[in-house]
Amino acid sequence: MTKSLDMIPATDTIQPQTPEEMGEVVTEACQTKQAIYPVGGATSLDYGLPAKAPGLAVSLQGLQRVVDYPARDMTITVEVGATMRQIAEVLAAENQRLPIDVPAEEQATLGGVIATNWNGPRWYGQGSVRDYLIGVAAVDGHGTRFRGGGRVVKNVAGYDLCKLLTGSLGTLAILTEVTLKVKPIPEKTALAVYPVTDLDALETALAALVPSQTTPTAIEVVSGEEWNSLLGQEGSPDTWRLIVGLEGAAPEVTWMIDQLDSELGSLQMARSALLLEDSAHTAWKALANWSADGDSPLVLKVQVLPSGVTRICQALRNLDAACGLQAHAGNGVVIAKFSSFPTAGLSRSLLGELQPLASSLGGYVTVLSNPSAAETTHQSVWGGIDIPHSLMARVKAQFDPHNLLNPGRFIYP
């Protein structure tokens, strides 16, 4: 899943070993007006618009230290070059975790996850990256080091720089260190799988989960040929599956499984599988990795109101009957891996069909991956996001007045 650094027009690569060195690198680049491309695990280099300005690739892999881990306070302060796997191993020693699912956790760095604001299946029940980030240290486009938030959960001092920098694709500042809330590892985890006959039945089932007495960690919908082997189940490429993730104390999870069977059973839905222990771990990993696995010519993410998930699924299948689909249905996110590049072209398919539908459902479309780089414009890649561009441009000018950090890759006009 690691992408080639050739995707960046880098004239040189440098790897600072300390936050102080990072500040010096950015200060020198600022003086020479040289573009800077922060690189973590290189798993999302094709996310956003292609970089065009020659510049310096700055690796964050020299910043991997655990700065502070007061386990009893359930927080951890760590440098952002640490991979998600490394962080998971440190936390597991204290029976704790950061419940953020990301593809390629052995390569993906914490800084990259925050920069792209990536949230996987557990987003529904456990929260997003923004919910766990309580403190940051970073270097802005001047080369100035700054901090926001703190190392304790109850911290309300100053502007919320944590939320501002999350999802900014490294265009406002380069993160060097963050403080995160963590949670205990649950005693038991399970994935209950329910085959669904069609999208109408799926819509009914998803609506029934809203008032459910259970508290799912994840509500996933999957369809496509890949999922048969990933879940170890038979089915046609058109089979729809509702997967409900449940976590907690063992008696609690056992009760929720029975309750869920009862609630969905009243809709004539029968569970086809219950994944526990090793099989559950394998399935969770498949759900986390799927969007980045394989060599799809186009991967899209559609964010809408949860009530619009089935309509988006149908629209995507209309564009490509063989596309693979995964929906974080409880959050209104649908990810599609196309089997071939749209014959009508990216702009016509997205701008003419998918984006208007997503907008009517309170959302937007973004391109997660487009290896061919065909028709990559701001509108096609970032969609019709309803945001005050002029306000964002002013914020950008405060942090990075010379537009040196990841220039041209994000939504700024």
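Okay, let's start with a definition: a residue is buried if its relative accessible area is under 20%, exposed if that is over 50%, and partly exposed in between, using a 1.4 Å probe and protein chains only. By that rule glutamine 15 is partly exposed, because its relative accessible area is 39%.

Before I go on, a bit of housekeeping. What we have here is a predicted model, where local features need pLDDT of at least 70 and side-chain atom pairs count only at pLDDT 80 or more, while totals for chains, interfaces and linings use all residues. Residues are numbered from 1 along each chain as its sequence is written, and side-chain values use heavy atoms, with hydrogens and water left out.

So, back to glutamine 15. You'll find it in the loop between strand S1 (10-14) and helix H1 (19-32). Helices here are DSSP runs of H or I with at least four residues, strands are E runs of at least two, and both are numbered from the N terminus. Which residues does glutamine 15 contact, leaving aside neighbours within four places in sequence? Those are Ser59, Gln61 and Gly62, where contact means heavy atoms within 4.5 Å. Serine 266, on the other hand, is 251 residues away from glutamine 15 in sequence and 58 Å away in space, C-alpha to C-alpha.

Now the core. A nonpolar core is a set of buried Ala, Val, Leu, Ile, Met, Phe, Trp, Tyr and Cys residues joined through side-chain atoms within 4.5 Å. The largest one has 116 residues, and Leu110, Val178, Leu242, Ile312 and Leu316 have the most contacts inside it. Strand S11 (residues 188-196) gives the most to this core, with six residues. Take leucine 242: beyond four places in sequence, the residues it touches include Ala192, Val193, Tyr194, Leu206 and Met269. There is also a second, separate core of eight residues, with Ala35, Ala42, Ala51 and Ala57 among them.

On to the helices. Helix H7 (residues 199-209) packs against helix H11 (residues 309-319) at an angle of about 155°, and their axes are 9 Å apart. Axes are lines fitted to C-alpha atoms, for helices over the stretch in contact, and angles run from 0 to 180 degrees between N-to-C directions. That makes H7 roughly antiparallel to H11; angles over 145 degrees count as that, under 35 as roughly parallel, 65 to 115 as roughly perpendicular, and the rest as oblique. Leu199, Leu202, Glu203 and Leu206 of H7 meet Thr310, Cys313 and Gln314 of H11.

What about H11 and helix H12 (residues 346-360)? Their packing angle is about 170°, with axes 10 Å apart, so these two are roughly antiparallel to each other as well. From H11 the contact uses Arg311, Ile312, Ala315, Leu316 and Leu319, and from H12 Ser349, Glu353, Leu354, Leu357 and Ala358. Remember that Ile312 and Leu316 came up in the core too.

Last thing: backbone angles. Most residues other than glycine have a negative phi. Alanine 104, though, has a positive phi, near 50°. It sits in the loop between strand S6 (96-97) and helix H3 (110-116), and it counts as buried because its relative accessibility is 1%. Asparagine 403 also has a positive phi, near 55°. Where is asparagine 403 found? In the segment after helix H14 (389-399), and with a relative accessible area of 39%, asparagine 403 is partly exposed.
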